[in-house]
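Please walk me through this protein in the viewer, one selection at a time.

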Amino acid sequence: MILKVRRLSKSFGGLAALRDVEFAVAPGEIKAVIGPNGAGKTTLFNVVTGLLKPTAGSIEFAGRAIAGLPPARIARMGIGRTFQQPQVFRSLTVLENVMLGAHRGGHGGLVSCGLGMPAARAGERHLAEAAREQLAFMGLAAGADRIASELPLGKQRYVEIARALATGARLVLLDEPAAGLDETETNELHDLILRIRDIGVTVLLIEHHMRFVMSLADNVLVLNFGAPLEEGPPQAIRRSRAVIEAYLGAAVDA
Ligand SMILES: Nc1ncnc2c1ncn2[C@@H]1O[C@H](COP(=O)(O)OP(=O)(O)OP(=O)(O)O)[C@@H](O)[C@H]1O
Ligand SMILES: [Mg+2]
C-alpha cells in the first residue's frame with residue numbers, strides 16, 4: 001500500500017469533520033472519495049497533505065509516518081495535489097506555474113529557485129525543461145508562455161495537475177478535477193488521469209461527477225458526515241443501499 005490511513009479524525013472546535021476514517025491506496029490504483037457536500041473530503045486531503053494537523057490517527061505514505069508533518073516536507077516525500085478552487089499564480093505564465101512544482105518547494109520556491117537570477121540560471125533551465133516535459137505530457141505545450149489565469153478553467157486545472165506532477169509526485173490528490181468542465185473536457189480529463197496512472201503515479205481523487213468516477217476509479221471510498229460509509233469497487237458502491245440513501249439517490253437526481 002502506498003497510502004495507509006488509520007483511525008483518522010479531525011475536529012474544528014465541536015465539529016467532527018473526520019471521524020475514524022480508515023482506508024488504504026494500492027500503488028497504481030485510481031481511488032475516488034465521494035460523499036455529500038460537507039462530508040469531509042477536502043478536509044481529508046488537507047490533513048493528508050499537511051495543511052491541517054489531524055486531531056487523532058495515523059497516515060503512512062510509502063511506509064513512513066507523515067501525519068502532522070509540514071506540507072512542504074510531505075510534498076517533497078512525493079505527494080502532490082490540486083485544489084477544489086484552482087490555485088494558479090495569477091500573474092505567472094503557465095510554464096512558470098509548473099516550474100514552481102518542479103522546484104518541489106511549493107510556494108516558497110519562487111525566490112529560492114532564483115527565477116530570473118543569473119546565479120541560478122542552470123538550475124532554472126533544468127526546472128524549465130522538467131516543466132516543459134510535463135506540459136507536453138498534458139498537451140499544454142503550446143500554451144506554455146500564456147498567463148495562467150487567462151486560460152479557461154479546464155486548462156487552469158491542467159496547469160495545477162502539471163505542477164503537482166512536476167514535483168515528481170508518486171501520489172497525486174485531485175480535488176474535484178472535473179468540476180465546471182464541459183463534456184469534452186471531462187472526457188479528456190478522464191483519459192489524462194488514465195495516462196497519469198500509466199506513467200506510474202497513483203491517483204486519489206474527489207469527485208461529484210458520478211459517471212466520471214464510476215468509469216474511472218478502481219475503488220471508491222464514501223464519506224458521510226466525516227465517517228467512512230462504504231468502500232469498494234464502483235459496481236458494489238452503486239448497489240449499496242447505505243450509499244444510495246445517503247448520497248447516490250440525490251446525486252443521480254441532481
Ligand atoms: N478550516 C476549517 N475550519 C472550520 N471548519 C471547517 C474547515 N474546513 C472545513 N470545515 C468544515 O468541515 C466540514 C467538512 O468540510 P469539507 O470542506 O472537508 O467538505 P467536503 O466533503 O470537501 O465538501 P464539498 O463537497 O462541499 O467540497 C464542513 O462542515 C466544513 O464547514
Ligand atoms: Mg470539498
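How do the residues of the shell around ligand 1 divide into nonpolar, polar and charged? They split into 4 nonpolar, 7 polar and 1 charged. Keep in mind as you click that this is a predicted model.

**Stop 1: the ligand.** Select ligand 1 and show its neighbours. Among them you will find Phe12, Leu15, Ala17, Gln84 and the run Gly38, Ala39, Gly40, Lys41, Thr42 and Thr43. Now colour strand S2 (15-25) and helix H1 (41-48), each of which supplies at least two residues of this shell. The largest share, 3 residues, comes from H1.

**Stop 2: the whole protein.** Zoom out and switch to a cartoon view, where 10 helices and 10 strands make up the picture. The radius of gyration is 18 Å, close to the 18 Å that the globule rule gives for 254 residues, so the protein is as compact as a globular protein of that length. Of the 254 residues, 41% count as buried.

**Stop 3: where the domains touch.** Here 12 residues of domain 1 are in contact with 10 residues of domain 2. On the domain 1 side, select helix H2 (71-77), strand S7 (171-175) and helix H7 (183-198), the elements that give two or more residues. H2 gives the most, with 4 residues. This side of domain 1 divides into 9 nonpolar, 1 polar and 2 charged residues.

Note on methods
Residues numbered from 1 in each chain as written. Chains lettered and ligands numbered in written order. Predicted model: local features only at pLDDT ≥ 70, side-chain atom pairs only at ≥ 80, totals over all residues. Rg over C-alpha atoms; globule rule 2.2 N^0.38 Å. Buried ≥ 20, exposed ≤ 12 C-beta atoms within 10 Å, placed from the backbone. Near = placed C-beta within 6 Å. Nonpolar A, V, L, I, M, F, W, Y, C, P; charged D, E, K, R; others polar. Contact = placed C-beta atoms within 7 Å.
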